Every structure is written in structure tokens, then in C-alpha cells.
Amino acid sequence: MGTPIIRVQGISKRYSIGGPQQRVEHLREAIVDLLAVPFRTLAGIGRPPAPSEEFWALSDVSFDVERGEVLGVIGANGAGKSTLLKIISRVTAPTAGRIELRGRVGSLLEVGTGFHPDLTGRENVYLNGTILGMRKREIDRKFDEIVAFAGVEAFIDTPVKRYSSGMYVRLAFAVAAHLDTEIVLVDEVLAVGDAEFQKRCLGKMGDVARSGRTVLFVSHNMGAVQRLCTRAILLEGGRLSAEGDPRAVAGTYLRGPQRVRYQAARTGGVQLLEADICDPEGRPLPNPLCTEPFVLQLRYVLPEPSPGTRIGIGILTPDGTPLFTSNPLDVLVEPPSAPGEYVARVVIPGETLLAGDFHAAVCLWNQADILDLQEPALSFTVHPGPSPLYLQGLERKGVVQVACRWEIEAAAPAGHAGTLR
Amino acid sequence: MSRAIGVEAQAEAPWAVVEPDRGNSPVDFRELWHYRDLLYFLTWRDISVRYKQTVLGFLWAILQPFLSMVVFTVFLGKLAGVPSDGVPYPVFSYLGLLPWMYFAGAVTRSGASVVGSASLLTRVYFPRVLVPLSATLSALVDFAISALVLGGLMAWYGLAPAATTVLLLPLAALTAVVATGIGMWLAALNVRYRDVQYAVPFLMQLWMFATPVVYPASLVPAAWRPLYALNPMTGVIEGYRAAVLGLPWDWTGLALSAVSGLALAALGAWKFRRMERTFADVI
């Protein structure tokens with residue numbers, strides 16, 4: 001294989017807490033600081049470092065990626081996956097360590113970066129393409145292909161502000177998908193779009209993987225990781241905690257300790273604070289039965305008026321395949337938008353899940369963004385209950401129980417059918 | 001890129017190395033050259049978007065210096081009787097306002113450009129310098145359009161441009177370089193301290209009165225001239241007038257202004273370079 005195409009050596013990244021985006025210092029403080037420096041130096045008092053204000057998004061992460069590998073990067077939210085991609089793509093500099101890249105890096109899902117609403121589709125393809133690192137000549141060559149992939153031929157000279165959101169996303173994705181860098185970074189978390197779009201992304205991912213290019217694929221979808229990747233790494237709290245066969249690594253991630261209670265530190269944004277499994281009366285129920293309803297109790301916070309904020313849950317199998325998702329609008333309940341803390345109770349009806357292990361994912365989102373996604377927030381086991389299913393003493397296949405209607409009657413004797421009187 | 005990357009990538013040397021920011025890595029000119037198309041499209045976006053959904057469109061590029069000229073002519077030229085080196089005051093002040101408005105516009109726009117491109121900077125890597133640079137380049141279009149009015153104005157007053165008018169090109173280039181350098185400095189500061197975007201328009205107003213835009217440099221006492229010429233725009237604006245109208249040149253003043261302007265620009269570019277890799281974290 002020779003020299004690895006990506007060599008990551010001891011990468012660490014420190015952020016100041018308060019969020020990298022929220023830290024706006026003021027000139028006045030800087031000036032006061034500047035004036036105070038000589039006095040401080042004279043007095044020999046250096047400003048003591050404030051370690052509590054720091055946060056290591058990545059610490060001492062090292063791994064190699066060989067040419068042509070499809071490397072899955074998995075881990076819980078906040079484990080450092082996106083930070084890692086940002087450092088590899090050179091958007092932000094590491095605090096320590098070194099990365100050697102032996103090829104150009106492109107991000108498949110930075111869709112629509114730099115799209116300007118007033119410019120036409122054609123103009124945006126060129127602008128966006130050059131932002132992503134393509135040359136004009138390259139775009140000229142691929143232009144028809146891009147437009148055909150997006151299916152917006154008729155509107156290519158219309159300003160994109162007149163596009164439907166579907167057209168907009170398709171065009172943006174088409175540009176990114178036609179980058180032909182040697183290294184492709186894919187961050188699924190950024191794939192905000194409808195199901196069809198997500199499917200398209202995964203499809204294109206498969207194409208890219210098969211074309212022999214090197215891919216780093218960040219995903220929560222363990223099924224996709226196992227299907228597409230040749231190797232995977234697991235990040236936990238900014239550290240590399242497992243590396244190897246995608247099935248094994250995904251298993252390590254998902255098996256993780258059973259978690260029937262979720263609690264998060266406050267970030268100041270819209271977020272899930274706590275999640276529990278309860279019985280319908282609100283008492284903790286760590287071991288629900290497959291025959292009885294149980295409740296996912298979700299405590300979340302909206303720090304400011306947040307119209308259009310949605311909350312939803314998903315129940316997943318141990319390998320990460322979603323079984324079903326649910327949100328209050330399904331039953332015509334409008335989630336609140338006024339600031340405050342809320343407790344949502346989601347009743348999972350009895351006789352829905354078979355006995356087995358499950359994950360529950362919780363997502364808070366609005367039209368523009370995913371605000372908080374915990375996948376999985378909870379991991380729990382559903383135990384067999386007093387159900388005819390289990391009373392039969394059979395090992396049931398599958399993960400859900402469906403009360404199908406059965407009718408059995410004696411078949412008419414052969415030869416009788418069609419007899420005329 | 002049609003360059004044989006595959007071949008190069010086989011070699012031992014990495015194509016790129018990502019390391020902690022020490023702010024002193026050499027400028028990668030090969031990379032800048034690769035991204036020249038992006039500079040073109042960013043500049044062109046700024047130009048084509050600027051007057052979208054306006055009724056007057058590019059007329060705005062003419063109206064601003066022209067109406068300013070009218071106001072200054074009435075109040076300073078006529079009422080206050082400010083001298084104008086023997087040239088009709090409208091022509092005199094327009095020749096000051098033309099480069100000044102380019103300079104002020106370019107500095108203001110490039111100063112705001114990096115914060116204005118936050119969504120780009122936090123997602124995609126490309127040489128950051130292209131952002132303020134495209135802002136000052138796009139302002140050149142307004143400059144060229146409003147320069148056309150100068151021709152009309154001079155014809156109206158029966159003045160013919162001197163042969164030295166061609167010297168406008170190096171002077172305009174100098175203006176653009178100085179504006180870019182200062183704009184880069186302000187752009188980098190603005191990422192950390194948003195105060196900058198409020199201070200700059202005001203600063204540019206004050207700066208205009210410290211520059212011979214609507215009055216001649218000859219009003220300043222001779223003893224103060226060298227200090228006055230340290231304002232990079234002093235020599236440049238006097239130079240514009242000398243070039244177009246064939247007035248005597250103040251070479252010392254121009255040299256002082258050029259040196260101080262280029263020094264400021266270099267300092268600005270250096271500050272920008274030192275801070276650019278933290279933009280995505282701080283912005």
C-alpha cells in the first residue's frame with residue numbers, strides 16, 4: 001500500500017468554553033488588558049490560566065488511512081468527529097499534532113456553501129464549485145452532468161431564491177458530488193434534508209467508495225457504516241477508543257453500557273436535558289415488558305422563543321437500524337415554542353416491540369437545523385411478558401410484534417369448486 | 001486541477017501538512033494560483049449582487065461621488081471659499097472624491113468581508129486572503145464607472161486631460177494595494193472585536209478630513225507637510241490631481257505617502273496571516 005494517504009499523528013484540539021461561535025471579545029477589555037500588562041509584569045503576576053474554561057474536543061488522536069479505504073468515524077455527539085473532519089479539511093488548525101495529506105481533500109456534504117440567493121443556478125454552480133476547490137475549466141467540463149444530476153435544467157438561469165427547497169438542495173449536492181478529490185470527507189450530521197435526499201447522499205457515497213477514492217465517513221447510521229466502510233474508528237470524549245473492523249467497532253459503540261437514564265450538561269442552547277424510561281404513572285422502569293406500555297420521558301429546554309421547534313424520537317435496533325420514528329405532529333399535537341423547560345412523555349404501546357435490546361434516539365430540530373440529536377440517548381432491554389407469544393415457548397424472530405388478523409377455515413374439497421347446481 | 005497530482009501523491013512528500021498554527025508559515029503561492037478562479041468568481045459575485053433589486057443599479061456608483069461633489073462645491077467651494085489650486089472647484093473636488101470613495105469603500109468592504117463570509121470560513125478551506133481581496137477588487141468597478149463622469153465634468157469646464165493621465169494606473173494600483181492591506185487588518189480585527197465594523201465608517205469620515213480631498217494640501221502649513229504626507233492617501237490624491245490636470249508634482253510627499261501606505265499594507269497583511277487560521281474558531 002505504501003505511504004498512507006492520511007496520517008494523523010497526535011492531534012489535539014482545544015476550544016474555549018462558551019462555544020467557539022459565541023466568544024466575541026470586546027476591544028475595551030483588550031485595551032484594558034494591554035494597559036495592565038506592564039503593571040502585571042512588574043508585579044510578577046501573570047494572569048493564571050483558567051483550565052475550567054477550556055475544553056479538549058480531541059486529545060492525542062492518531063491513525064492512518066490507506067489509499068482507497070472507506071473509514072467510518074463513529075462516536076456519540078460531542079465525541080469530536082466533526083472537529084476531526086474540520087481539522088483534516090483545514091478549516092481549523094489543531095492545537096497540537098500533525099496531519100500529512102497525500103491528496104486533495106473535498107467535503108461531500110458541505111452542500112450549498114456560498115450559494116447566493118440572488119444568483120442564478122448556473123452562477124451558483126460556478127461560485128460554489130470554485131469555493132470547493134474546483135477550477136473553472138473543471139466545472140465547464142462537468143456542468144451538464146451536474147445540472148442533469150440535479151434535474152434543474154429548466155431553471156438553471158433562474159435565481160436560486162425562486163427554487164423550491166428540494167431543487168436548491170439537489171443542485172447544491174450535485175456540485176459537491178462532482179468534486180473529484182482523492183480524499184472525500186462526508187459528515188452525515190450535516191445532511192439536513194428530506195429522506196429522498198439522504199438516500200441520494202448514501203447512494204452517492206456508495207459510488208464514491210467503489211470508485212477507489214479514500215473516504216472518511218462520519219455517521220450515526222451503524223447500518224450504513226457496516227455496509228459501506230472497510231474500517232472504522234470510534235471516538236469517545238475526544239479520544240480514539242477503538243479501531244478496526246466496522247462491525248466490531250460499531251458493536252462496541254452500540255453495546256456500550258445499558259443506559260436507561262440520560263443526562264446532559266447544559267450548553268445554553270436548545271437541548272435535551274434528561275431522558276428516562278418510566279411506567280405510565282411516571283415511576284422509573286428500567287426493565288420494561290413487551291406486553292405493557294412504557295413511557296419515554298424527555299426533559300428539554302428552549303432558552304428563547306423558538307417557533308417551529310420540533311421534537312421526535314426514534315426506536316432503533318442494536319445495529320442502528322431505525323424501527324420507527326414518532327413526533328407529536330403525528331397525533332396533531334403542536335410542540336410548544338415559548339421559552340422554558342418541558343417534559344414530553346411518549347407512550348410506547350404494549351405489544352409493539354418484541355423482547356430484545358433497543359436504542360432510543362431523540363432529536364430536536366427546526367426547519368433549518370438539527371438543534372440536538374442524541375443517537376442513542378437511551379439503550380434498554382425489553383423483557384418478555386405474559387404474552388401468548390412467549391407462552392408458546394417459541395423463540396420469536398424479528399423485533400416487533402404485529403397483531404395480524406388470522407382466519408382459517410376448512411378448504412373446500414378439491415373438485416367441488418365451480419360446481420354448478 | 002490538471003496537474004499530475006496522482007504522480008505527486010505517490011512521492012514521499014505529503015501534498016499538504018496540517019499543523020498547529022504558528023502564524024509564520026510561508027505564503028503558499030502555488031495554492032493561491034490554484035484558487036485564482038475562486039478570486040474571479042468571488043469578485044464577480046460581489047459586483048453582480050451589489051445592485052441587484054435596485055432601481056438605479058450602477059447609477060449608484062456615479063451618484064455618490066457626484067452628489068458629494070455638488071454638496072462640497074456649494075458649501076466649501078462657493079460659501080466657504082476654499083481654494084482649489086486654480087482649478088474649477090467641482091473638478092478639483094471630484095478628483096479627490098473619486099479616489100477617496102474608492103479607498104474608503106474598499107477599506108470598509110474588505111474590513112467587513114471576513115465576518116460577512118463566516119458561513120464559508122467555518123465550513124470550507126480556501127486561502128482566506130481571497131475574501132478581503134475580492135472586496136477591494138469589486139470596488140474597482142464603481143471606481144471605473146465614476147471615473148467616466150470625470151471625463152464629462154472636465155469636458156464641461158473645457159479642460160483637457162494632461163498626458164500624464166496614464167499615471168492614474170499606477171496610482172490606482174497603489175490605492176488598491178494600500179486599501180487591501182488596511183482592509184485585511186481591519187477584517188482580522190473584526191473577527192475578534194466586532195467593534196471594528198462600527199468604528200470603520202466613522203473612522204473613514206474623520207480620515208477624509210485629514211486628507212486633501214475637498215481642500216488642497218497647500219492649505220496645510222509647510223512645516224506640517226511631511227507629517228501630513230504620512231497619511232498614505234495625501235500623496236496619492238494630490239498625485240491624481242497632478243496627473244490628470246498636469247499640475248506640479250510633490251514627489252517627496254508622494255514618496256512619503258507611498259512608503260507609509262505600503263508599510264501599513266504589509267503590516268496589515270502580516271496581522272491577517274497571523275490570525276487567519278483561528279478565524280473559524282473565533283468568528
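Let me begin with a term: a residue is called buried if 20 or more other C-beta atoms lie within 10 Å of its own, exposed if 12 or fewer do, and partly exposed in between, with the C-beta atoms placed from the backbone. What you see is a predicted model, in which local features need pLDDT of at least 70 and side-chain atom pairs count only at pLDDT 80 or more, while totals for chains, interfaces and linings use all residues. Residues are numbered from 1 along each chain as its sequence is written, and chains are lettered from A and ligands numbered from 1 in the order in which they are written.

Helix α4 of chain B, residues 59-79, has 21 residues and reaches 28 Å from its first C-alpha to its last, close to the 30 Å expected, the expected span being 1.5 Å times one less than the number of residues. At Thr73(B), α4(B) bends by about 35°, a bend being the angle between axes fitted to the seven residues ending there and the seven starting there. Which residues of α4(B) are buried? They are Ala61(B), Pro65(B), Met69(B), Phe72(B), Thr73(B) and Gly77(B), and their cover includes α5 (89-116) and α7 (130-156) of chain B. Just after α4(B), Gly81(B) takes a positive phi of about 65°.

Turning to chain A, we find 9 helices and 17 strands, and buried residues make up 36% of its 421 residues. The domain assignment gives domain 1 (57-108 + 179-255) and domain 2 (261-391), with bounds that come from an automatic or database domain assignment. The C-alpha centres of these two domains of chain A lie 27 Å apart. In contact here are 8 residues of domain 1 of chain A and 9 residues of domain 2 of chain A, where contact means that the C-beta atoms, placed from the backbone, lie within 7 Å.

Some backbone details deserve a look. Most residues other than glycine have a negative phi, and most peptide bonds are trans. Arg90(A), however, has a positive phi near 70°; its place is in the loop between α2 (81-88) and β4 (96-101) of chain A, and Arg90(A) counts as partly exposed because it has 19 C-beta neighbours inside 10 Å. Leu332(A) also has a positive phi, of about 60°, and lies in the loop between β14 (322-326) and β15 (340-348) of chain A; with 6 other C-beta atoms within 10 Å, Leu332(A) is exposed. The peptide bond from Glu375(A) to Pro376(A) is cis, with omega near 0°, and Pro376(A) is found in strand β17 (residues 370-382) of chain A.

Finally, how do the chains meet? The contact takes 34 residues from chain B and 42 residues from chain A, and the largest share of the chain B side, 6 residues, comes from α3(B). Across this boundary, β4(A) and β1(B) pair in the antiparallel sense over 3 bridges, pairing being defined as at least two bridges found by DSSP between two strands. Within that pairing, the bridge partner of Glu100(A) in β1(B) is Val17(B).

Methods: Two residues are in contact if their C-beta atoms, placed from the backbone, lie within 7 Å. Helices (H or I, at least four residues) and strands (E, at least two) are DSSP runs, numbered from the N terminus.
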